[in-house]
Structures are given as C-alpha cells and as structure tokens.
Amino acid sequence: MKWSFKKPEGLQWPKGDDGEPVPPAYLKHISGGSLDLEVALNLLEAYGIPHVGEYPNNGAFGKLIFGHPPSGMEIFVPETMLEDAKNILSADVVDDEEDDDDVDNDTDDADDTDDTDDAYDADDNDD
C-alpha cells in the first residue's frame, strides 16, 4: 500500500451517455437541527447517492456563526437517482419477524431465571 497525503475520492457524480455530468435535481429541504441534516446526508452516502447542498437565504453565514444553518439546507441529487433518494429518505423502519421472535424469547427466559425473591425469602428465615 502506498502512503500519501491524497484525499480519498468520495462518491462520484454520475455521467450521462454523452459523458457530461447528470444534471442535479431538487430532492428536499431539510430544516431543524444539524442532526436531522447529518442523518439524511449520511443515509444518502450509505446507499451510494452523491449529493450537493445549498444554504438558502443567509444559511452559510448562520452555519459559520451557529455551527449549523438555521434556515436549513436544500439537497440536490443526480436526476437519475432522484426516485431512489426519495424512497430512502421517506422509508419507514420495519422490524423483521425474526427480530420480533428473538425479543419474545428473551423476555420469556428472563421470567424463568428470576430467583431474587427466593434469595430474599431465605434471608428472612435466618432471624
């Protein structure tokens, strides 16, 4: 492995059939705290969707002063990935049935191994 100061390349903006970058498409405006923004951006990155952001109004100045843009951020993605990005950010969390079965089994085992009452009763008889 070669060591260098070169910054690793992140997600690459896709190119169309003509070799030019695909135009960006408006995905959504995210307002609120910096956590909301970071979660959305990290979800897109996790699924391999590159993004660019724009701070409306004086958002860049607010980010400099407050650490996060008070007016939120507009997120743009490649237009070829717009539907995937919308589905990722609007998806509901669904538990798997296997996870539900594991949780039910764990609670049953916990009830069977509860010996704290027996130990307490034994201490009372010593008096």
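**Questions and answers**

Me: Which residues is E79 in contact with, leaving aside its neighbours within four places in sequence?
Reply: Contact means heavy atoms within 4.5 Å. Once neighbours up to four places away are set aside, the residues that E79 contacts are V22, P23 and A25.

Me: What kind of model is this?
Reply: Residues are numbered from 1 along each chain as its sequence is written, and side-chain values use heavy atoms, with hydrogens and water left out. Local features need pLDDT of at least 70, side-chain atom pairs count only at pLDDT 80 or more, and totals for chains, interfaces and linings use all residues, since the model is predicted.

Me: Is E79 buried, partly exposed or exposed?
Reply: E79 sits in the loop between β3 and α3. Buried means under 20% relative accessible area, exposed means over 50%, and partly exposed is in between (1.4 Å probe, protein chains only). E79 has 45% relative accessibility, so the class is partly exposed.

Me: How many Å apart in space are E79 and V22, C-alpha to C-alpha?
Reply: V22 is among the contacts of E79. The two are 57 residues apart in sequence, while their C-alpha to C-alpha distance is 6.7 Å.

Me: What pattern does the protein chain follow along the sequence?
Reply: Helices (H or I, at least four residues) and strands (E, at least two) are DSSP runs, numbered from the N terminus. The protein chain has 5 helices and 3 strands. Read along the sequence, their order is β-α-β-α-β-α-α-α.

Me: How many bridges join β1 and β3?
Reply: Two strands pair if DSSP finds at least two bridges between them. β2 (residues 52–54) pairs with β3 in the antiparallel sense over 3 bridges, and G53 stands opposite I75 there. For β1 (residues 24–30) and β3, also antiparallel, the number of bridges is 6.

Me: Which residue in β3 is the bridge partner of H29?
Reply: β3 covers residues 73–78, and 6 of its 6 residues are buried. The side chain of H29 also makes a polar contact at 3.0 Å with the side chain of this partner, E74. A polar contact is a pair of N or O atoms within 3.5 Å; within protein, one must be able to donate a hydrogen and the other to accept it, and residues adjacent in sequence count only if both atoms are side-chain atoms. The bridge partner asked for is E74.

Me: Which side chain of opposite charge is nearest to E74, and how far away?
Reply: Lys and Arg count as positive and Asp and Glu as negative, with His and the chain ends not counted. A salt bridge is a side-chain nitrogen of Lys or Arg within 4 Å of a carboxyl oxygen of Asp or Glu. E74 is buried and has no salt bridge; the nearest side chain of opposite charge is K28, at 11 Å.

Me: Is Y47 buried or exposed?
Reply: Y47 lies in the loop between α1 and β2. Its C-alpha is 8.7 Å from that of A85, 38 residues away in sequence. With 58% relative accessibility, Y47 counts as exposed.

Me: What is the relative accessible area of G72?
Reply: G72 is in the loop between α2 (59–66) and β3. Beyond four places in sequence, G72 touches H29, I30, S31, Y55 and P56. G72 is buried, and its relative accessible area is 3%.
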